[in-house]
Amino acid sequence: MSNIRVRKETGRLFLDFRVFGVRCREQTELPDTKANRKLLAKLDDSIKVAVANGSYKHEHFFPMSKRIAEVEEARLAMSTPTHKTPTSSTLATSEMYSDVAPSSLKPTPLFSEFANQWYSEMEVGWKRSHRTTTRGVLDNSLIPQFGPRPVNEIKKGDILAFRSTLAKLPGIKNKDSLSASRINHIMTPLRMILTEAADRYEFAPAFINIKPLRVGKTDVQPFTMQEVQDILRTVRADFRNYYIVRFFTGTRTGEIDGLKWQYVDFERRTISIKETIVNDYEETPKTGESERDIQMSQMVFDALLAQHKVTGQGVYVFATSAGTPISHRNISKRVWYPLLRLLGLKKRVPYQTRHTYATLMLASGEAPEWIARQMGHTTTEMLFRVYSRFIPNLTRQDGSAFERLMAAQMQDQPHPIIDPQSLNEVSAYSGINPNSIGVNHLPKIQSRVTEKVEQAPELPEPETPKPPVALPNTRINPSADAALIANPWLEIAKHSGLSMPPKTDPITPSDHPAGDLL
């Protein structure tokens, strides 16, 4: 009988068992947890099955074991027919695996068969875009590699070799290799398939202790305030409203392209994100938290009012001349990238408008929790992890809030009382002019111990420190005039040098049909 034990020195589990009369104590890197004990129990069951059907190979289960040669020699010796009386060791081995009958073994299917079965069972809970992506991974990567092999014969070494092969494939957009993120997306279905197969057919799972590749930080390249102003002034008139909404709502590409008039509430000044466009199909938003209500600033409100005169009779807010949703690929090629080249700006994907919104809102002093809700995040964790590093470059006021707090709290507090005689001694030793040190003097009434100190010459009273000049507050002041309360963007623009884009006359569909280049 095999035992699952823990090594006291390391706290790691190991499997203590006998196979073909050879005692094996195989170490693992698994800590002693209930879940890991279950994994080793399944491994033990798989060993019993392999021994019973005559397919056991010690190196398949423990490739780093020092007992591989010894176990193989014992296996060959036991497979040779002899008329010798069974020894105690062979009887023990036979008894150990007597509970596994060959007739009760579950036959394992080929990888291609089980992968297609797994896909058909799982696709009911997936979005269309995820079904398309997963199907492509199966057909283009996993089935060509593992398709003709039984699922229980795919080992950890095979998985790592496959991942290494993926890393050598050329990437998209003339990149030398596939990105770590893309490789992880290919490996995820493989992990799910092999784990499910191991659970159903009771063999040792191969996808153990294989960590995803490390993915670099999100490529965030937000636009500056001046760059936003230049873009809105220069962009084609029939797309100005589109980019105003993109820059100042933080919507994702699919969310703004799939925005319908039924989700725009001018009375409440909100935009409800209920649908999105992915690969030309309508779907629900990315996550449950992505279904949200976005508050309109005055600038966005005016842009949507102007756009309503153009496409208000249709379904979509931003539509082609035929009333269909706009194609972000077409707009990017014909409007966005040519505009960046014209302005001499670095080439950036349109999704950077969302990153720009986040950094501008943080720089303006808006509450992070409110920004996270506007953008469809559950917490502020991602907000600070991705965007906070850009805020010093926008404000140049880091630490000023603490300085203002200290000035307000400490300006009326006296300096510590310092003995003038001690001060003069320190001054004589260090060469520092005592008049340059702002300290309070001893009071006129002294105890007998400091009686002589009273006769010391008094230093002049230090000048009262002036409070630091108050920095401009970019937060909306409740007592401000109605214009600033109605339009927070005006308050931001006032202190940043960004002016409001000039208002243009509404564009009629006949003169400039929205998306006439589409």
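A salt bridge here is a side-chain nitrogen of Lys or Arg within 4 Å of a carboxyl oxygen of Asp or Glu. By that rule, the count for this structure comes to 21. Before I go on, a word on the source: this is a predicted model, where local features need pLDDT of at least 70 and side-chain atom pairs count only at pLDDT 80 or more, while totals for chains, interfaces and linings use all residues. Residues are numbered from 1 along each chain as its sequence is written, and side-chain values use heavy atoms, with hydrogens and water left out.

Arginine 37 pairs with aspartate 32, and the closest N and O atoms are 2.8 Å apart. For the cut-offs, buried means under 20% relative accessible area, exposed means over 50%, and partly exposed is in between, with a 1.4 Å probe and protein chains only.

Next, arginine 135 and aspartate 139, again with closest N and O atoms 2.8 Å apart. They sit four residues apart in helix H6 (residues 128–146), so about one helical turn separates them. Helices, by the way, are DSSP runs of H or I with at least four residues, strands are E runs of at least two, and both are numbered from the N terminus.

Arginine 200 comes out at 28% relative accessible area and glutamate 196 at 27%, partly exposed in each case.

While we're in H8 (residues 180–201), look at aspartate 199. Its side chain makes a polar contact with the side chain of lysine 42, at 2.9 Å. A polar contact is a pair of N or O atoms within 3.5 Å; within protein, one must be able to donate a hydrogen and the other to accept it, and residues adjacent in sequence count only if both atoms are side-chain atoms. Aspartate 199 and lysine 42 are 157 residues apart along the chain, yet their C-alpha atoms are separated by 8.5 Å.

Now to strand E3, residues 22–31.

E3 runs antiparallel to E2 (residues 12–19), joined by seven bridges; two strands count as paired if DSSP finds at least two bridges between them. Arginine 12 has proline 31 as its bridge partner in E3. In the hairpin, two residues lie between the strands, and phenylalanine 20 takes a positive phi near 55°.

Last stop, another sheet. It is open, with three strands in the order E4-E5-E8 and antiparallel pairing. Strand E4 (264–265) and strand E8 (292–295) are the edges, each pairing on one side only. Four bridges join E5 (residues 270–273) to E8, and threonine 270 has glutamine 295 as its bridge partner there.
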